[in-house]
Amino acid sequence: MKNKKVAVQLGSTGEEAAESILGKNSSNISKDKGGTTFLQVVHGQADAAIGDETTVKKYVASNPSYKLKVIYDDKNFEPEYFGLMFTKNSKYRSTYNAALKKIIDNGEYTKIYEKWFGSKPSLDVIKSRP
């Protein structure tokens, strides 16, 4: 990505990654409040965009005429995981965790995940979280 224009969402981990590669104040990083990073690539205003895997994959699949390609860089981008947040002492947390454990154990979680994301979930990561 050196000497390339990279579009990122302002305040995202993609911004942090781009800054660590290109430099914090690099003029090659186009920071957007959200929503136009892919369009910058499509319209030639950026050479690449950094975003969440599921969003990037969906955009590329939904816009085949643009001939975009998803590139993975495990060296510079650590895996990220989404989660839910409950208020302190929420009565819903234990119910949610029990239901999640049930569908993980019976295989339903994997089926749902594969249907919507097209890949297998990292069950070991999920199970390691409190």
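Mentor: Buried means under 20% relative accessible area, exposed means over 50%, and partly exposed lies in between. Please keep in mind that the model is predicted.

Trainee: Is Tyr113 buried, exposed or partly exposed?
Mentor: Tyr113 has 23% relative accessibility, so it counts as partly exposed.

Trainee: And Phe117, buried or partly exposed?
Mentor: Phe117 is partly exposed because its relative accessibility is 37%.

Trainee: How many aromatic pairs are there?
Mentor: The count comes to 4 aromatic pairs. One of them joins Tyr113 and Phe117, with 4.6 Å centre to centre and 45 degrees between the planes, and this pair is tilted.

Trainee: Why is that angle called tilted?
Mentor: Planes under 30 degrees apart count as stacked and those over 60 as edge-to-face, so the rest are tilted.

Trainee: Where do Tyr113 and Phe117 sit?
Mentor: Both belong to helix α5, residues 108-117. They are 4 residues apart there, so about one helical turn separates them.

Trainee: Which residues do the ring pairs link into a cluster?
Mentor: The cluster consists of Tyr109, Tyr113 and Phe117.

Trainee: Changing topic: where is Phe38?
Mentor: Phe38 lies in helix α2, which covers residues 37-42. Its relative accessibility is 17%, so Phe38 counts as buried.

Trainee: What does Phe38 touch, leaving aside residues up to four places away in sequence?
Mentor: Its contacts are Ala49, Thr55, Val56 and Tyr59.

Trainee: What separates the C-alpha atoms of Phe38 and Tyr59?
Mentor: The C-alpha separation is 8.0 Å, while the two residues are 21 residues apart along the chain.

Technical notes:
Residues are numbered from 1 along each chain as its sequence is written. This is a predicted model: local features need pLDDT of at least 70, side-chain atom pairs count only at pLDDT 80 or more; totals for chains, interfaces and linings use all residues. Side-chain values use heavy atoms; hydrogens and water are left out. Rings of Phe, Tyr and Trp (its six-membered ring) pair if their centres lie within 6.5 Å; planes under 30 degrees apart count as stacked, over 60 as edge-to-face and the rest as tilted. Helices (H or I, at least four residues) and strands (E, at least two) are DSSP runs, numbered from the N terminus. Buried means under 20% relative accessible area, exposed over 50%, partly exposed in between (1.4 Å probe, protein chains only). Contact means heavy atoms within 4.5 Å.
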